[in-house]
Amino acid sequence: MAVGTICDSESLNHVATNPNLPKEIDEKKIQVTENNNHNTDINYWQRAQWLRAAVLGANDGLVSVASLMMGVGAVKKDITAMLVAGFAGLVAGACGMGIGEFVSVYTQYEVEVGQMMREIGTSDRSEKKLENELEKRKSLPNPMQAASASAFSFSIGGLVPLLCGSFISDYKIRLIVMVAISSFALVVFGRVGAELGKTPKLKTSIRFLLGGWMAMAITFGLTKLLAHCSGLDLDI
């Protein structure tokens, strides 16, 4: 009995010497709850509207400019021709992506607003209904945001192959460096898009990389074949 009493008293003393334990547990619970609330407060559907335009623009800019430069390089090895083609593709692509995204998203915006107005018109216009419709309007697509994200990201993506091919005079080394750096950039764009959209990073990166390789290989191969068959294989 004496031993048991001593053990019980030691246990009580041990508990008594840790008065901050419940407080630490409560603080950890509060921190976990705040993190969960922060994650649930993020509207990934609304984020997806501009994220789609940004990811698509960056991927298109990198792949389009790199493929265009390699296509021209398949016929003419001169660095000036490749850079002029790449710059023209960057400017035209950024303008086309921005304008196309604006027109597309604005059309979607008008359709959704029209549907909302029809629903309000056929309802009893109760206060709750109007509040719900106003809340929906906050999640409508933003044409200017999508167009800006698309044009800006296309320019950033297109600058990657354009800059890395500007400082290399040797033709073969230039192509190798362009493919290597473009591949690395595709993986980075894929991981960034996956992180922002909370999607699988490995699958997204592989999808970006394989798509870019296919585009560059098809453009280079078909241009080389067309030039050879038509007698335009200049190689100068």
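## A partly exposed lysine and its partner

Lys 201 counts as partly exposed, at 34% relative accessibility. Lys 201 forms a salt bridge with Glu 195. Their closest N and O atoms are 3.0 Å apart. That pair counts as a salt bridge because the cut-off is 4 Å between a side-chain nitrogen of Lys or Arg and a carboxyl oxygen of Asp or Glu.

Glu 195 is also partly exposed, with a relative accessible area of 37%. The structure holds one salt bridge. Side chains of opposite charge can pair when their charged atoms come close.

## Confidence in the model

This is a predicted model. The protein chain averages a pLDDT of 76. Of its residues, 68% score at least 70.

Two stretches need separate mention. Over residues 1-19, pLDDT stays under 50. There the model has zero contacts beyond four places in sequence. Over residues 32-40, pLDDT again stays under 50. That stretch has one contact beyond four places in sequence.

## A nonpolar surface patch

Which residues form a nonpolar patch on the surface? They are Phe 152, Ile 156, Leu 159, Leu 163 and Phe 167. Together they have about 550 Å² of accessible area.

Leu 159 is one of these patch residues. Leu 159 lies in helix H6, which spans residues 143-164. At 33% relative accessibility, Leu 159 is partly exposed.

Terms used
Residues are numbered from 1 along each chain as its sequence is written. This is a predicted model: local features need pLDDT of at least 70, side-chain atom pairs count only at pLDDT 80 or more; totals for chains, interfaces and linings use all residues. Side-chain values use heavy atoms; hydrogens and water are left out. Buried means under 20% relative accessible area, exposed over 50%, partly exposed in between (1.4 Å probe, protein chains only). Patches are made of residues with over 30% relative accessible area and no salt bridge: like charges are joined within 9 Å, nonpolar side chains (Val, Leu, Ile, Met, Phe, Trp, Tyr) within 5 Å. Accessible areas come from the Shrake-Rupley method with a 1.4 Å probe; for residues, only the protein chains shown count as cover. Helices (H or I, at least four residues) and strands (E, at least two) are DSSP runs, numbered from the N terminus. pLDDT is the predictor's confidence in each residue, from 0 to 100. Contact means heavy atoms within 4.5 Å.
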